[in-house]
Amino acid sequence: MNLNGEFSDWLATNQVDEKFLLRNLTGKPFSRQAFAPESAAVGEVPEMSAEEAWALASQSLAAALPRLARLIRFVRNRAPKCLEPKAGKPERAFTYDHGRRQLPFVSCSYRGQASDILTVAHEFSHALQIVASANSAMPPLAREVCAFIGEHALLDWARQNASPLLPRLEAAWAADNQCYMGADAERLRKALARKSGAYDYRWNYPVARVLACAIWRHWERAEIIALFRSGAAAPSLLIGGTRTLRPHFDLPPLPLDGGETVKLYRQIGVATLLDLQEGSGREQAGAELSRRYGTLLRCMQSRSLFIALDRENVPIGYATWQRDEEKTITAHSCVPQTERLPFFLKSLSRACPDVGRVVERSCQLASRERPAS
């Protein structure tokens with residue numbers, strides 16, 4: 001689009017309207033998703049070269065989107081890039097689309113920090129999207145959605161492979177949210193309120209960040225691949241696909257005061273809200289729902305319910321369990337935000353080690369059995 005354009009030009013280029021923006025800027029969707037502060041202090045980033053970071057971006061995307069593996073290898077081996085650190089103040093990373101019949105060029109001032117590794121994944125995903133779209137120009141908002149999806153692929157790869165990079169990557173990702181959902185979102189809100197303003201590329205980031213997070217959670221991998229390939233048609237996929245996304249909401253901090261009866265009611269409420277956030281509670285009929293919450297009540301009575309809270313006392317998940325006569329444990333867990341699963345398992349294992357082991361094994365099995373797209 002014209003870099004000297006106005007807010008209305010930006011809306012037209014991205015084929016979105018004010019209602020779409022408001023729907024995806026309401027509240028602060030990442031305020032409760034920042035990873036535990038303690039994670040930022042766990043371990044240093046292992047020494048990783050720029051080429052290794054580039055290879056890791058390729059590996060994580062291929063694991064997440066195996067049907068794009070051939071194009072991912074092509075980008076990894078053929079796309080021109082400059083990842084050398086620049087003297088003085090680091091330059092802003094970018095991926096330049098040279099247009100038809102030419103490969104995109106990636107530039108990133110790589111200094112070996114966790115944030116740099118995320119940036120390389122972000123720019124690699126830009127390059128992949130350009131190649132996958134066969135040089136059909138994708139509007140900037142959708143382009144940033146694809147790049148942020150690459151960051152999710154890297155984070156998921158690190159979780160699934162128990163990478164020592166994970167704590168630092170999570171902390172860097174959470175720190176980036178403070179910028180995207182803080183200053184950048186405020187810029188966009190002001191432009192939206194005025195319905196005018198000189199074009200600012202950073203308007204694209206907050207909505208793209210929200211959409212990428214929701215899409216990564218809820219879209220099938222085949223739908224994500226279609227988005228990467230869609231080029232100029234991306235807005236119709238985004239708008240159509242996000243209409244059917246389950247609404248995401250943040251739970252309030254859990255008060256810790258009150259008597260036993262009050263605490264029991266709060267625990268029931270927390271479990272119900274977490275089920276709704278995950279979506280499982282909506283799909284059950286009356287009899288099944290009655291059995292589910294009958295089991296929950298029995299677990300509460302036998303003190304076999306664990307609710308994990310983050311540093312702000314916001315519930316992130318719960319587990320219930322029962323033991324048979326042979327002391328074998330049967331457990332159920334609910335963690336709606338998959339990126340919080342490692343923190344949940346750590347909290348559960350600290351409080352109830354034997355239950356934590358059962359739940360962790362169950363999560364590992366579920367991950368293996370999930371069909372690839």
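Select Tyr-265, which counts as exposed because its relative accessibility is 62% (exposed means over 50% relative accessible area, buried under 20%, and partly exposed in between, with a 1.4 Å probe and protein chains only). The model is predicted, with local features needing pLDDT of at least 70, side-chain atom pairs counting only at pLDDT 80 or more, and totals for chains, interfaces and linings using all residues. Residues are numbered from 1 along each chain as its sequence is written, and side-chain values use heavy atoms, leaving out hydrogens and water.

Tyr-265 belongs to helix α11, residues 260-278 (helices are DSSP runs of H or I with at least four residues, strands are runs of E with at least two, both numbered from the N terminus).

Next, select Val-145. This residue is among those with the most contacts inside the largest nonpolar core, which has 77 residues (a nonpolar core is a set of buried Ala, Val, Leu, Ile, Met, Phe, Trp, Tyr and Cys residues joined through side-chain atoms within 4.5 Å). Helix α6, residues 140-160, supplies the largest share of this core, eleven residues. Apart from this core lies another, of 15 residues, including Phe-344.

Now move to Phe-306, in strand β4, residues 305-309. Phe-306 is buried, because its relative accessible area is 14%. Leaving aside neighbours within four places in sequence, Phe-306 is in contact with Phe-344 and Trp-321, among others (contact means heavy atoms within 4.5 Å). Finally, select Ala-319: its C-alpha atom is separated by 5.2 Å from that of Phe-306, although the two residues are 13 residues apart along the chain.
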